[in-house]
Amino acid sequence: MMAGQKPPPWVHAAFLLCLLSLGRAIEIPMDLSQPPTITKQSVKDHIVDPRDNILIECEAKGNPAPSFHWTRNSRFFNIAKDPRVSMKRRSGTLVIDFRSGGRPEEYEGEYQCFARNKFGTALSNRIRLQVSKSPLWPKENLDPVVVQEGAPLTLQCNPPPGLPSPVIFWMSSSMEPITQDKRVSQGHNGDLYFSNVMQQDMQTDYSCNARFHFTHTIQQKNPFTLKVLTNHPYNDSSLRNHPDMYSARGVAERTPSFMYPQGTSSSQMVLRGMDLLLECIASGFPTPDIAWYKKGGDLPSDKAKFENFNKALRIISVSEEDSGEYFCLASNKMGSIRHTISVRVKAAPYWLDEPKNLILAPGEDGRLVCRASGNPKPTVQWMVNGEPLQSAPPNPNREVAGDTIIFRDTQISSRAVYQCNTSNEHGYLLANAFVSVLDVPPRMLSPRNQLIRVILYNRTRLDCPFFGSPIPTLRWFKNGQGSNLDGGNYHVYENGSLEIKMIRKEDQGIYTCVATNILGKAENQVRLEVKDPTRIFRMPEDQVVKRGTTVQLECRVKYDPSLKLAISWLKDDEPLYVGNRMKKEEDSLTIFGVAERDQGSYTCVASTDLDQDLAKAYLTVLGRPERPRDLELTDLAERSVRLTWVPGDDNNSPITDYVVQFEEDQFQPGVWHNHSKFPGSVNSAILQLSPYVNYQFRVIAVNEVGSSHPSLPSERYRTSGAAPESNPTDVKGEGTRKNNMEITWTPMNATSAFGPNLRYIVKWRRRETRETWNNVTVWGSRYVVGQTPVYVPYEIRVQAENDFGKGPEPDTVIGYSGEDLPSAPRRFRVRQPNLEMINLEWDHPEHPNGIVTGYTLRYVPFNGTKVGKQMVENFSPNQTKFTVQRADPVSRYRFTLSARTQVGSGEAATEESPAPPNEAYTNNQADIATQGWFIGLMCAIALLVLILLIVCFIKRSRGGKYPVREKKDVPLGPEDPKEEDGSFDYSDEDNKPLQGSQTSLDGTIKQQESDDSLVDYGEGGEGQFNEDGSFIGQYTVKKDKEETEGNESSEATSPVNAIYSLA
């Protein structure tokens, strides 16, 4: 309810109840003498548990306090003679104790309580005491029930008569509930009705169960076993695939007929205020539908409910206008029938004017009225102090006129308790009303000077309970003013309460009530304070949210600051439990991670001690849909079937799609595959099927939030077989070794196999040859061909075949046998266009032995004995060129290049970069040739060379050997190669390599091609360039082998030796 709207219905109900209390007769204060009044008693039909002590209640008040006695079956019940029976202190309640033995059944009967003091006797209702009974089910042997398929069947329960009647339900002997629907259902009498029996009904047994209320025990009847006779077995697949399966199996269609009630008409009587239950259960095939109507009018929509799959009509709390003729209509495609039920509404007595206590002063007149209605019309019997009025002593001041007793000029002796008993064949009503004659001045019964706080604009009542006899008159005054408050915005009730119809601020003040009779007067004051109302000015709003989000509901309140405010929340009109997902603050409620269970109405209740305000909002949670249910297969055909389902709840988000999935039990049992997708607006679809598949379907609903859980699976449906209409896909031929070829393919699934014993015919032959096809039959998805040449192309075909035949002619696929390592790349060339880069080129291997996947280049720089870091480059199979950027102009490079297949890297080709060109030296010389210091140096060197040549010439002309032994005392070792002739070729210690040879960086010795070549000096192991570019070289002696052998004095030919000779 939005703030400021009309108050809820319970506010009006409470106010009406208050008005009724205002109109009640004034009660006598308990300190004054008065006859007894019954205040509490047991129900008329009192059923007790035999395991407990029996309690029969009877409470009464009076002054003096009343005494109690009981009758049982209209005879005095002597409690003192029965040790098991006692009466509660200051009460008439009976207690029957069975702890020391005894049978509760012995105490069954009709009890009535009498409460008596010197002013009269009050009576309780006649209480019928019954002990609850739960008798055992009689043991019986039940033969199997034999019935023809399609015929109707009733399994009778016949439960033992319990008190109260037991609750009946049907289960299997293994305590599984029997599934009920419009074909199979339980009647109100407890019997189980089959409108038509199907063969699947044999799959379980049927046991009737009775649950007794007091003992909380369940008794089970021996189970029924069904034997259904049929013309064809249920698992006959050819009949299950028939479009009209039941007619194909010989189940005859029948028009409806009524199983309960039988015939075309019946009648039913119901008492006013009770529920009317009408029931119609019909047989027939197909199962009939039931509809309900009322002759000459409509069904009472506010009280009528349909139950048990429309087989029962319940009208709640019937009244006389619900009498009439009702009929049910049972129909199927074969026809329809109706059954008419004549309903008569009777009534036990009910009060029109219940007698009330009469308080009179001596000499006053009064009357007691006892008026009731019923069908048939009830009779009225008056009693006084529990005795029939006609047998009571005569009273000239009393006159009986049917349902009324008139009293005139009453005296003290007229005090008594009168009973009115009105009854018909359906029940009775008993009421007590006393007549009290008192002479009492006015008195106030409430505390003095009360403070009453009220809310602005509300309807308010100021109470002023009083008593006096004769009944005093009561007047109200405000703030001591002399005018009586009655009329307009004020109204004074019989019991003295003052009602202010709408409170205003000016109504605040002190109110005085004054009660007056002939014996005196009494007064009391009430102080009234007016408070501002509590109002919710910012209310929670309706929201639509997705599951898992956070939502906040606001509730901001304005209230009177002198009052204490409390804010609480209701969900679906019940107190809200604020769990750990919720946070309640002063002006809001926050829900984190909203779930489906959070959907509903939320009410903010802002309350003070005086009033409250409510504001309600509805939270709608968008969730995944509920799963579809009740899947059914119809229109069964060779290659199609119609699937129908019942949609589940969309959980506030419309269903956009349905996904139909299937499972088959041959290739992948238990694995579900998507079959098709349909719009969310349909619940029935034709599914196209493949041959020889034992289908089972399920449906998934989809909305914007997500997908539902899958439905329960449908029944299975197997299609007939056929030859394959396709062949396997993704056929490949690849070698796993160099001498084989593995043929693989994607196997066909259940929907493409089309028949049993699926297999594959594999064919292959060398490409571009006239060889005959090799073939083999395979049941798997691979076959290995052995003893093949390396990397040879083959033509491959794979064809599907089952027991119904072969698939279409397959396509030819080219595959290759296994690969091997490739040969080295051809024509590997290294070119050095300048000192900054080196160009590499090569051709593809002559024998690739497979698909070349790339090239690997490894190269390392070297300079003399120094070797740099190896570098690796990988190239694509199409790349045949590469350029290396030199790190310096002096180092050379050694290159190793190999090709790769999927087997690995093959034979490598190796080359080295050439030495730096001569131009480098010449150019460097040209750069310094013009320098003065260089010219002087060259001149000095030229002069030195000239001197050396002259010395050498003189020495050569002299001949002979240089006597080493004469110059040095150190003897030659035996290992000295010159020991024989005593000569020795002197050379520099740093020039360790043999004459005429050069040591490379890798430690090998290479023969020089020329002794005189300037290149030898520039590229030699010891030849280097200075930082300024000048050449620093060292001449080494190179002996000519032939000359050494022929001329022993040839050792002096070296200029260096000549210089040392001079020394």
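Which residues do ring pairs link into a cluster? They are W842, Y855, F875 and F882. Before I go on, a reminder that this is a predicted model.

Now the aromatic pairs in general. Searching the whole structure gives 18 of them. One of these is formed by Y695 and F697, and it is stacked, with 5.3 Å from centre to centre and 10° between the planes. Y695 has a relative accessible area of 1%, so this residue is buried. F697 is buried as well, because its relative accessible area is 0%.

Next, W764 and Y783. How do these two rings pair: stacked, edge-to-face or tilted? The pair is tilted, with the centres 5.5 Å apart and 40° between the planes. Where do the two residues sit in the chain? W764 belongs to strand β66, residues 759–766, and Y783 to strand β68, residues 782–786. They are 19 residues apart, and the pair links distant parts of the chain. As for burial, W764 has 10% relative accessibility and therefore counts as buried. Y783 is at 26%, so that residue counts as partly exposed. The cut-off for buried is under 20%.

Last, charges over rings. Which ring has the charged end of R126 over it? That is the ring of Y428, and the distance to the ring centre is 4.0 Å. There is also R718, whose charged end sits over the ring of Y692, 5.3 Å from the centre.

Notes. Residues numbered from 1 in each chain as written. Predicted model: local features only at pLDDT ≥ 70, side-chain atom pairs only at ≥ 80, totals over all residues. Heavy atoms only, no water. Phe/Tyr/Trp six-rings, centres within 6.5 Å; stacked < 30°, edge-to-face > 60°. Buried < 20%, exposed > 50% of the residue type's maximum accessible area, 1.4 Å probe, protein only. Helix = DSSP H or I, 4+ residues; strand = E, 2+ residues; numbered from the N terminus. Lys NZ or Arg CZ within 6 Å of the ring centre and 35° of its normal.
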